[in-house]
Amino acid sequence: MKFGKSFERQLEEEDIPVEWRSAAIQYKALKKCINKVVLELSSLGLSASTIRLLLCQDGEKCEDNGLNARLTYSFDGNIKSFTPKIVLTIDGDIPVTADLSPNTRHSFEELLLNQQALNGISVVSSFDPLTASAEQIADAEMVDDIVSERDVEAIITEITDEEAAAMENGPASPASEESEMDFDHVPDSDEGIFIADEDSPSKPRPADIMEDEVGESSHPHAEPRKIEITLTSDSEFFHMLTSELENLEALQAKQKETLSLQVTALSNCLTKVTNPETKRGTQKSDLYPWREVFRLYLDAGVFFADTERERGERTVEKAKERLEWFAKQLADAEIVGQFKQGLSKPMLDDFWRINMAILRNLRFQKMNHMAMYKILKKFDKRTSLSARITFPELIAADSTFTQSMAQAICYTMSTNLLSIIPQLDDYICPICASITMKPVRLPCSHVFCVRCLVKLQREKKKQCPICRRDVVMLADSSNIDSSLLNFLKLYFPIEAKLKQIENEKEVAMEQMERMGMAPGQQGKCVVM
């Protein structure tokens, strides 16, 4: 199935809203516009095979094509205002070779004359895609294929005896082709049209008869001449594509705003149902169930990976897989049954819908990125202009076309929603790997639980286990972080209580050891 049809069917089957479909890349309309580009290039003698022979990527060293001409394709301006253009550079005279057809060479001669007559002003193609007949545009689809299939032998065969003689003696003078040349813009003077002969400086002669032999110029040190060609249909194609990308960006911005408002509303409700001070009466806090929800969500890493093996934004398929894993973990943990407040279940449904909306948006973006890739690939196949390289560089310069909505919404959820409920992992003592109960903050700002710090001091270990600064022996009761202690008791009451019990048992065991009463020890009875 062709991509155009599969793209339309995918938009219908992937649960994409109607509003989104109208903003999608119009692949078929762009494909029709490519036909106009091919026809306009053909009118200039630039078939796909000719362009492929002459093309030189901007910024890269051109490969030796055996000719004294080369072509570059680029975009002038920025994404808001740009002009795609072809620049043809000719060192010396028009190349006469079997690799370029007579029509192509004739077109180059006309372009050079026109540009010289305009004193270096860029040549704008006279091709009008609006007045081109439907038959011309339809035939354009085969122009580049026909030319590309010709080999050198076939091209030489098509040259008539008169043309062969002309090639041997040099191209005909522009005056002899007056009926075929466009002299509307030719100035009255000879300046810019004729180049003086080195042997006879006072006697000018046409630039296109300077060649004595094929590939051998009489002016080897002449300055290269450049022809700038602005195509009408080419500009129409890329401005149409840019307009559709702008529509997609506008839709994405709207979705981002909508989802951000939903996240904000959810965070306001979450603050109420997870308030740790709500302990009495029928309304109890859902702090612990929601903490488990967010812990599983962070472990899932639905849209972004942050592990040693994986980093960065996930693919649509991987994000869907991780979201399904998250749903399974919620069901296995029976989180819904742990909710004590009636608002929590519909809030969890809202949280799920936000994630599904992000996933659907990612899928829609991927489909349109593929459509843009395919249409640029089609453009390059028909014209050989390498738009897949130059056009993405143009849009990449504008940050609005490279921003990720998933990244923006995930950041909003992380700062406005997930941060409401602190996770235990952020308050773990690096020595005992449990909650930092009675936290002691050293002068180096690192925090340890009081029991672990006391042990370090007893063992005469002076250096901080993290930064290795000599600060351990400086700590005393004044280093206890009271505000952090109150925070931990408020948001981690169960863990704090368990740690307190554990510390008390450890202290009691140490006292028993000192008295020789620890299990396995044999000592005197302290009573007797």
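A disulfide is taken here as a pair of cysteine sulfur atoms within 2.5 Å. The model is predicted, and a search of the whole structure by that criterion finds zero disulfides. The points below are grouped by topic.

**Cysteines**

- A disulfide is a covalent bond between the sulfur atoms of two cysteines.
- For C444, the closest cysteine sulfur belongs to C467 and lies 3.7 Å from the sulfur of C444, which is too far for a bond.

**Contact of α12 with α14**

- Helix α12 spans residues 344-383 and helix α14 spans residues 405-416; their axes come within 10 Å and cross at roughly 160 degrees.
- Because of this angle, α12 is roughly antiparallel to α14, the threshold for that description being over 145 degrees.
- The crossing of the two helices, α12 and α14, is left-handed.
- On the α12 side, the contact is formed by F351, I354, N355, I358, N361, L362 and Q365, while α14 contributes M405, A406, I409 and M413.
- By residue class, the contact of α12 with α14 comprises eight nonpolar residues, three polar ones and no charged ones.

**Positive phi values**

- Most residues other than glycine have a negative phi.
- S386 is not a glycine, yet its phi is positive, at about 60 degrees.
- This serine, S386, is located in the loop between α12 and α13 (387-396).
- S386 counts as buried because its relative accessibility is 15%, under the 20% limit.
- S445 is a further residue other than glycine with a positive phi, in this case near 80 degrees.
- The loop that holds S445 runs between β11 (439-441) and β12 (447-449).
- With a relative accessibility of 47%, S445 counts as partly exposed.

**L418**

- L418 belongs to the loop between α14 and β11.
- Its relative accessibility is 13%, so L418 counts as buried.
- Leaving aside residues up to four places away in sequence, L418 touches F294, Y297, L298 and M413.
- L418 and Y297 are 121 residues apart along the chain, and their C-alpha atoms are separated by 9.5 Å.
- M413, one of the residues touched by L418, is also among the α14 residues that make the contact with α12.

Definitions and conventions: Residues are numbered from 1 along each chain as its sequence is written. This is a predicted model: local features need pLDDT of at least 70, side-chain atom pairs count only at pLDDT 80 or more; totals for chains, interfaces and linings use all residues. Side-chain values use heavy atoms; hydrogens and water are left out. Axes are lines fitted to C-alpha atoms, for helices over the stretch in contact, and angles run from 0 to 180 degrees between N-to-C directions. Helices (H or I, at least four residues) and strands (E, at least two) are DSSP runs, numbered from the N terminus. Angles under 35 degrees count as roughly parallel, over 145 as roughly antiparallel, 65 to 115 as roughly perpendicular and the rest as oblique. A crossing is left-handed if the near helix is turned anticlockwise from the far one by less than a right angle, and right-handed if clockwise. Contact means heavy atoms within 4.5 Å. Ala, Val, Leu, Ile, Met, Phe, Trp, Tyr, Cys and Pro count as nonpolar, Asp, Glu, Lys and Arg as charged, and the others, Gly among them, as polar. Buried means under 20% relative accessible area, exposed over 50%, partly exposed in between (1.4 Å probe, protein chains only).
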